[in-house]
Amino acid sequence: MMTPAIDTTTLTRRFGDFTAVDNVNLRVDAGQFFGFLGPNGAGKSTTIKMLTGLLAPTSGSIRILGEDFEVRSAEIKRQIGVVPEGMALFGRLTAGEYLQFVGRMYGLDRVTTLNRTRELLEFMQLADEQKKLITDFSHGMQKKLAMAAAVIHGPKVLFLDEPFEGVDAVAAGTLKAMLQRMIARGATIFLTSHVLEIVERLCTHIAIIHRGRLVAQGALDELRAGARRTGQAGIEAGAAPPEAEKRSLEQIFLEIVGTDREGNPGAVTPEQELSWLS
Amino acid sequence: MVELTGSQSLPDSMSPIPASTQLLAVAWLRWRIFVNSTFRRQPKNKRQIAGLVFAILLRIVVWPILALMMVGPIVGSGFLAWLAISEGRPQGLAGLLLGIALLWQFVSINGLSIAASIHSFDPASLVRFPLRFGRYFVLRSLLGLLTASTIVGSLALLAAALGIGIADASLALPALVAMAVYALMNIYLTRMIGAWMDRWLANRRFREIFRMIMALSFAAIQFMNLQRAPMRAHGARSGLFLSAMHSSGPYVYWLPPGFAAQAILLAKHPLAAFGQFAALLASTALFAAVFAIRLKKQFLGEYLSEGVSRRVSQQAAPRVRMPALEAAAQSAPAAAGAVFSSTVAACLRKDWIVLRSNGTQLIGMMTPLLLVAIFSMNRAFSSSFSGYFLPAAIAYTLLGVLGPLYNVFGADGRGAQLYLLAPIRMRDVVVAKNLMSLAMVVAESGVAWIIICVFSRARIPVSAQVSTALWTVFVVALNLAIGNLRSIQAPRYFVPGQSRQPRGGTPTNRTSGLLVLGVLFGSMLLQIPVAMASSYFELPWLGAWVFLPFAAAAVFAYAFVLRNVEHLILEHRDVFAEELCKA
């Protein structure tokens, strides 16, 4: 049996009385392009932070590439790349300086770091901005730089928290091409995004988190094929009704998360409509 | 498109990354941040050039003063250590080392660090890199060593070692070794306190309690000071301080300063000296270990902020809580809507809600009042300065509330965009903010005034009160005028009541901070000759007549700035976008 790239067991994170991530059992096989979806505040970023070692779980375990994160965090961090929610760049460096620093922190030798820095800056169309400090970059440029920093050491697993947010269409195309190339070479990508069209186009497997709980997980085709929804507990494979085959990821997503706490549809009622809007 | 050769070869080997590679990378990072912050940012317009020139001139003036302030404790430590050994009073050495440790911690806690004056980075952000905990600990121990506390403390200890060596050459080597370890102990003690304070101060309730304790401590010290030596000469107080240091010797022997002192003084008895030295090493290791415990938690992914838990709690709550919204609106100054325009009333309500939740600021406003009460109750003090006591006390209470006038949009952050986008007059927004500030100024100085009148044993004549009132109007109106200008020209994003600000530094621009002091002390200097002339020529109403035109001019200046607010804001939209909206 193949070792999963990401494997969590009853992963839980509480902030005071609030449970942000609740008993999540996640399995992502190596080489998968995995989409991790959920509405705002569902627990996506908290999960990514735990998977990348930035946040300690309250309980449960995390294994990345078969290794326990708690035991071998430094080794695991060498094998993963992260584009975090806040990008975490050092604003007072130039793009080239930042990539060189990151390369050296990941143990790349000086020549390799310099070569990859040059290549990545050109690839991300940042080569002309070498004299600018990162703090003066636009949001999209910072996102591209964060992506370049996440891949400079050639990670086996890449975690991307909203990588396309604020990125122009040209840059998004460049990023998507790069991600697909990495997948073709055997890397695993764990992606969160609110742009469901992009997720649908790129990802082969999907998990949906809602109010901290994993409510769906599987291959995109399985979900699309009309898996039968079983309330908040999860998705079970079942006989697919014919019309369900045409359902988009957005429809599936809304069907699963567009509910209130009791599982009732959460659509806006006529009384709640903003009637004063033209 | 360039081929990504980097992503072709995923590293399979797990050979460890050399420590030197990572440590040098962080050193290089720190160096580049320093170089880029100092030399890289080119001023884009005349205003920025002027700002840069002013900042350089300020440093030329301030840094030598700071350096001179450092020289005192360093030379003093060397001299006192020499005195203790050469005059046969070695027990004073432990007291001296305790004093140096207290100075070290005091300077450190007050954040007078050179590193803080230049752009830096949060060393906690290094946890995302593949570092082992040992390396992270070393990095966290090394980063931030270039602080005033470490420089002054280390040089004071070096001077003390030299002083001991000059007094008795045979003690020179033990003194150098013991002082080096003692310096390390102080470094870890500072780090330990800083790391744990960071942990506790992340909690709003603790911040408020801490601020309250600090305020009460200052008040208690002043109270005891006045009770013990109401109006003694400076020399007498110094004597009291020195005798306290001296008498602390026997107790200090059970603490690290005592271990260090004994390790030096018992150098001729190697076994006993070794025992003391071992105790010093053990205390250093203890502080390092407690610091490491905190760092380990951070390294494993600790979450300190209250932000997420609060935010998610709100999300978990019912979507729209109308009663809560209504309650919030009702608790705001109710009269605001009736008296002012809707913009002014809305801004007042918003700022009132922000102020109400900022317990730290409210506690901060109480501290000067407590001290004014203590000084007012002291008959010797208040009667000695009867002519100046009221204006001086009012100036002191104003000091804390005038600063925020220079950055009225700072707490709004990105929210300031709304002022630019909404179909409102910026003048209304500024008026609302000024009214809120004015309410605080009036409350603070009004309560201080009442305290002085009630508690002060000396009767304050009406003429002096009128003179002080007009002077207060002058100072407040002038600060409002300059403050509005600075708020528009040099805003700075900050989070109210938070000890660690998003971009480091202080909630107010440094130049603005100096301007507050300049205006306040400058106007205080006006008071002195006027009060003296009033007394000399027996013209009790002289102050009132002098400050009346000043107050009128300041009010006129304020009105003039207010009239031009729209134009000023338009002219400085770029600063708003950069400093506040990008925050």
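This is a predicted model: local features need pLDDT of at least 70, side-chain atom pairs count only at pLDDT 80 or more; totals for chains, interfaces and linings use all residues.
Local features require pLDDT of at least 70 and side-chain atom pairs pLDDT 80 or more, whereas totals for chains, interfaces and linings use all residues. Residues are numbered from 1 along each chain as its sequence is written, and chains are lettered from A and ligands numbered from 1 in the order in which they are written.

**Exercise 1.** State why strand E10 of chain A is described as largely enclosed by the rest of the structure.

*Solution.* Step 1: strands (E, at least two residues) are DSSP runs, numbered from the N terminus. Step 2: a residue is buried if 20 or more other C-beta atoms, placed from the backbone, lie within 10 Å of its own. Step 3: E10(A) covers residues 205–210, and five of its six residues are buried, so the strand is largely enclosed.

**Exercise 2.** Identify the strands that pair with E10(A).

*Solution.* Step 1: pairing requires at least two bridges found by DSSP. Step 2: E4(A), residues 33–37, runs parallel to E10(A), joined by four bridges; here A:Gly35 is partnered with A:Ile206. Step 3: E11(A), residues 213–219, is antiparallel to E10(A) over six bridges, including the one between A:Ala207 and A:Gln217. Step 4: two residues separate E10(A) and E11(A) in a hairpin, and A:Arg211 in the turn has a positive phi of about 50 degrees.

**Exercise 3.** Determine how many residues the largest nonpolar core has.

*Solution.* Step 1: such a core is a set of buried Ala, Val, Leu, Ile, Met, Phe, Trp, Tyr and Cys residues joined through C-beta atoms within 7 Å. Step 2: the largest has 137 residues, and A:Tyr98 and B:Ile264 are among those with the most contacts inside it.

Methods. A residue is buried if 20 or more other C-beta atoms lie within 10 Å of its own, exposed if 12 or fewer, and partly exposed in between; C-beta atoms are placed from the backbone.
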